[in-house]
Amino acid sequence: MSTYTEVTLPFDVTGEKADLLTLLADQSALFRVALRNITEEQARTRTTVSELTLGGLLKHLAWGERWGAQILRERDENASLDPASLAHAYELLPEETLDGWLSEYDFGADEFDRLIASADDLDELIPQPTAPWAPEREWNSVRTMALNKLRETAHHCGHADIIREALDGQSTMAAISEGQSWAEDFDSWTPTS
């Protein structure tokens with residue numbers, strides 16, 4: 001499978017699981033490229049009209065990995081999401097660090113991926129927590145949960161790339177192609193202002 005980053009899954013899966021988890025790992029790796037070599041101050045810096053920051057996106061994705069793993073693990077038919085738990089969901093608080101949330105992201109992603117890898121059936125339905133915007137209980141397949149995580153990660157990879165490029169000019173594609181012979185003419189086939 002073609003990916004932008006070098007992905008090696010830490011468990012043995014084949015077929016659709018391997019495809020889903022490889023693409024998810026690739027998007028996660030691309031997100032990390034946007035965070036590469038930034039400072040705590042840069043992690044908290046807004047570079048667009050949006051409130052989003054690189055650190056805030058990291059915190060949001062880390063929380064989402066942990067929450068997704070909890071849903072898969074517990075399969076609680078009575079679970080609900082407390083909106084208060086989302087306070088400061090996109091904001092690194094003064095006592096929080098980039099390294100701390102990177103560790104949380106690693107831990108949550110590893111658990112989520114292992115639960116997907118160990119699922120007996122991707123069609124198995126998992127109860128989803130209710131929320132004010134989703135008051136009726138829904139049941140998603142394991143596959144749908146993996147696809148939703150892929151969509152969410154890819155969505156925020158795009159945000160992170162724009163924020164990072166506005167921060168210091170680094171773009172993810174330029175960063176991953178640096179030093180590659182095929183990328184010598186990269187600037188000639190990427191848009192400029």
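A residue is called buried when its relative accessible area is under 20%, exposed when over 50%, and partly exposed in between, using a 1.4 Å probe and protein chains only. Tryptophan 63, with 29%, is therefore partly exposed. What you see above is a predicted model, in which local features need pLDDT of at least 70 and side-chain atom pairs count only at pLDDT 80 or more, while totals for chains, interfaces and linings use all residues. Residues are numbered from 1 along each chain as its sequence is written, and side-chain values use heavy atoms, leaving out hydrogens and water.

Let us begin with helix α5, residues 142–168. Helices here are DSSP runs of H or I with at least four residues, strands are runs of E with at least two, and both are numbered from the N terminus. Just after α5, glycine 169 takes a positive phi of about 90°.

The buried residues of α5 include Val142, Lys149 and Leu167. Among the elements that cover α5's buried residues are α1 (15–35), α3 (54–74), α4 (98–118) and β1 (125–127). The charged end of lysine 149 sits over the ring of phenylalanine 112, 5.2 Å from its centre; this label requires NZ of Lys or CZ of Arg within 6 Å of the ring centre and within 35 degrees of the ring normal.

Next, look inside. A nonpolar core is a set of buried Ala, Val, Leu, Ile, Met, Phe, Trp, Tyr and Cys residues joined through side-chain atoms within 4.5 Å. The largest one has 24 residues, of which Phe31, Leu35, Ile38, Leu54 and Leu58 touch the most other members. Helices α1, α3, α4, α5 and α6 (172–177) each supply at least two residues of this core. A second, separate core of 20 residues includes Phe11, Leu72, Ala119 and Val142.

Finally, the whole structure holds two aromatic pairs. Rings of Phe, Tyr and Trp (its six-membered ring) pair if their centres lie within 6.5 Å; planes under 30 degrees apart count as stacked, over 60 as edge-to-face and the rest as tilted. Phenylalanine 31 and tyrosine 105 have ring centres 5.9 Å apart and planes at 65°, so they are edge-to-face. This pair links helix α1 to helix α4, 74 residues apart. Tryptophan 63 and tryptophan 67 are stacked, with 5.6 Å centre to centre and 15° between the planes. Because they are four residues apart in helix α3, about one helical turn separates tryptophan 63 and tryptophan 67.

Technical notes:
The expected span of a helix is 1.5 Å times one less than its number of residues. Contact means heavy atoms within 4.5 Å.
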